[in-house]
Amino acid sequence: MEWISILKCPITGSDLRLLDKHEIDILCQKADNNELWLANGTPFTDNITQGLQSLDGGYIYLVVKDILLLMRDLAIIDSLDKVINKPPSADKTQVKTFYDNKGWTTNEAGDYEDAVIYEDLRDVSKNYIRKCHERVSRFLNPSGKYLLDAGSGAIQFSEYLQYAADYSYRVCLDFSFTALKEAKKKLGDKGICILGDMTNIPIKDGCMDGFVSLNAVYHIPKEEQVTAIKEMYRVLAFNAKGVVVYDWFKHSAWMNLWMLPFRGFVFIKNRVLDAVGSVFNTSGAARRLYFYCHKPSYLRKHLPPYQLKVWRSVSVPFMRYYIHSWLFGKQILEWVYKKEEKEPELCGLRGEYPMLVFEK
């Protein structure tokens, strides 16, 4: 496990090392005697088979099913003086719960629920979406030792696997254990799977030969998104490259124009549901999975320098409303793709999903 040398304790920042059998036996005895806790204050009584310890000796991190549990509040402590009294935000908890319990489950067709809900899986859109997925590789170094996949999810599309084809390891970071189990199945020994927080990446500075983060950052609380991207940039090696796929949503001029009537309908529908809910004491409109999209000017101001390119200029709702095989849908998307290839910066700025391309 040579790659342990790139890791750091998410609490103290010190190096980590593997626990030996004797140390694990002692910890199991302490757990039996109720002498261990999680850093969130919960008593720890589970069995320990494998783990890491910070070199300063203060914190233990479990390894479960080859997944490294490097979350601050999941650290194992031997004193209540080390308790971290800062629970995760409600928005983070909501996103984590969705992906653990639903997002990374599959339906009868083998598609992840995340893709069923948030992607267009129809044949009419398939070729366009595949080519958009493949764009990311152009802006990464073709090979290296470590590629960080921040907010990796289950690596749900086959094109995603190709980004790290010529890297020694793909480092998958996510806070959904379910997602990481799926990713590990696909990557085998090539996958280093870390249960961790994108705003506090437990990796040392300058260790990654590239990074990708695909449609993940805008699910982070808005005040922490810049921190997450700066963390990815921090771990990037010199001369390495990284790509963040973001979403402008209501800051996309083109989608605002085309989706205005549909967004108006949804707004009115939700207000009606909320009003009915308040009268009859029901929940009203269902709460959406948390996301927040900053303006382009905000990111330019607060992030390290980056190139703006296009990942995909049209949104999933746009495709579902306007793109149909009987309405020349494939031809329309082929025209859109050619437009994106010709003017990637303009389409990245005015369209729905930009790529932010970083290089040190």
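1. In this predicted model, 51% of the 360 residues of the protein count as buried.

2. The secondary structure of the protein comprises 12 helices and 13 strands. The protein is as compact as a globular protein of its length, because its radius of gyration, 22 Å, is close to the 21 Å that the globule rule gives for 360 residues. Taken along the principal axes, the box filled by the C-alpha atoms is roughly 70 × 60 × 45 Å.

3. Contacts across the sequence deserve a separate remark. Among contacts in the protein with a separation of 6 or more, 73% are accounted for by residues 24 or more positions apart.

4. As to charge, the protein carries 47 positive and 44 negative charges.

5. One residue may be considered individually. Asp-73 is placed in the loop between β5 (67–69) and β6 (76–77). Its relative accessibility is 22%, and Asp-73 therefore counts as partly exposed, given that buried means under 20% and exposed over 50%.

6. The surroundings of Asp-73 complete the picture. When its neighbours within four places in sequence are left aside, Asp-73 is in contact with Leu-38, Ala-39, Asn-40 and Pro-88. Thr-45 is 28 residues from Asp-73 in sequence, and the C-alpha atoms of Asp-73 and Thr-45 are 16 Å apart in space.

Key:
Residues are numbered from 1 along each chain as its sequence is written. This is a predicted model: local features need pLDDT of at least 70, side-chain atom pairs count only at pLDDT 80 or more; totals for chains, interfaces and linings use all residues. Side-chain values use heavy atoms; hydrogens and water are left out. Helices (H or I, at least four residues) and strands (E, at least two) are DSSP runs, numbered from the N terminus. The radius of gyration is taken over C-alpha atoms; the globule rule is 2.2 Å times the number of residues to the power 0.38. Buried means under 20% relative accessible area, exposed over 50%, partly exposed in between (1.4 Å probe, protein chains only). Contact means heavy atoms within 4.5 Å. Lys and Arg count as positive and Asp and Glu as negative; His and the chain ends are not counted. The place of a charge is taken as NZ of Lys, CZ of Arg, CG of Asp or CD of Glu.
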